[in-house]
Amino acid sequence: IRVKLITFFVLVGLIPALIVGLLSLNQARENIQQEVFMKSEMFSNLVKENIVDYFEARRSNVGQLSQAMQIYEGMQALYNDNFNLNNERFRELKPGIDRLVDQTMKDFDYELIFITDPNGTVVYATTPEFMGLDLSNRDYVQNAIRGQIVWSEYAYSALIDKKFMAAAAPIYSMTNNQLLGTLSVVVEGEVVGNMVHSYLGL
């Protein structure tokens, strides 16, 4: 009887302790899981914010570039002469346009910058092969012609043989708000991929 009593009291003392221990362990596990989830969610939000900031900065840049005085004056000169690329005033302005565009390419790591007339035909491009191309069927060019500043979908371009994304903006006359053309910047797909991977730490 004595042994049974001792065993009984030991069990009575141990069982609650075991239950408390198991509950504490379970609570600790839940706390760790919650903390991991919260940190993952915070990191995910940070990555999203950084990616949004990246594209928003370039969307803002294409809007500013389309309003730059060098671009405006050059396009106004072409517009006034039925987009004659041999226009004397445009040829005078072109070196200034080239310097602005070259610096922008370096600052934002663009693959390509091109300008079209109001019909979507390329009249200026950092890649000579684009000159004279009719890009009016590109959705981002169409949207820019309609007055919007937009990003294209992530897609493959046979023209540059690469995946890319492009942002486009309209170019307006500063005197009568007439559409003079559109300006597009192109970001190579690999640059976009590397940017995402750098944020994810891959």
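Asparagine 177 is exposed in this predicted model, with a relative accessible area of 55%. Its place in the chain is the loop that joins strand E5, residues 162-172, to strand E6, residues 179-188. The backbone deserves a remark as well: asparagine 177 is not a glycine, yet its phi is positive, at about 65°.

Is phenylalanine 83 buried or exposed? Its relative accessible area is 18%, and because the limit for buried is under 20%, phenylalanine 83 counts as buried.

What does phenylalanine 83 touch, once residues up to four places away in sequence are set aside? The contacts are Met75, Leu78, Asp117, Pro118, Val123 and Leu180.

The axes of H2 and H3 come within 9 Å of each other and cross at roughly 150°. Angles over 145 degrees count as roughly antiparallel, and H2 and H3 are therefore described in that way. The crossing of H2 past H3 is left-handed.

Which residues make up this contact? On the H2 side they are Gln70, Ile71, Glu73, Gly74, Ala77 and Leu78. On the H3 side they are Arg89, Phe90, Leu93, Gly96, Ile97, Leu100 and Val101. By class, the residues of this contact comprise eight nonpolar, three polar and two charged. Leu78 of H2, which meets H3 in this contact, is also one of the residues touched by phenylalanine 83.

My last topic is the aromatic residues. How many aromatic pairs does the structure hold? There are six. One of them joins tyrosine 54 and phenylalanine 55, whose ring centres are 5.1 Å apart. Their planes stand at 85°, so this pair is edge-to-face. Tyrosine 54 is buried, at 10% relative accessibility, and phenylalanine 55 is likewise buried, with a relative accessible area of 15%. Together with Trp151, Tyr54 and Phe55 form one aromatic cluster.

Note on methods:
Residues are numbered from 1 along each chain as its sequence is written. This is a predicted model: local features need pLDDT of at least 70, side-chain atom pairs count only at pLDDT 80 or more; totals for chains, interfaces and linings use all residues. Side-chain values use heavy atoms; hydrogens and water are left out. Buried means under 20% relative accessible area, exposed over 50%, partly exposed in between (1.4 Å probe, protein chains only). Contact means heavy atoms within 4.5 Å. Axes are lines fitted to C-alpha atoms, for helices over the stretch in contact, and angles run from 0 to 180 degrees between N-to-C directions. Helices (H or I, at least four residues) and strands (E, at least two) are DSSP runs, numbered from the N terminus. Angles under 35 degrees count as roughly parallel, over 145 as roughly antiparallel, 65 to 115 as roughly perpendicular and the rest as oblique. A crossing is left-handed if the near helix is turned anticlockwise from the far one by less than a right angle, and right-handed if clockwise. Ala, Val, Leu, Ile, Met, Phe, Trp, Tyr, Cys and Pro count as nonpolar, Asp, Glu, Lys and Arg as charged, and the others, Gly among them, as polar. Rings of Phe, Tyr and Trp (its six-membered ring) pair if their centres lie within 6.5 Å; planes under 30 degrees apart count as stacked, over 60 as edge-to-face and the rest as tilted.
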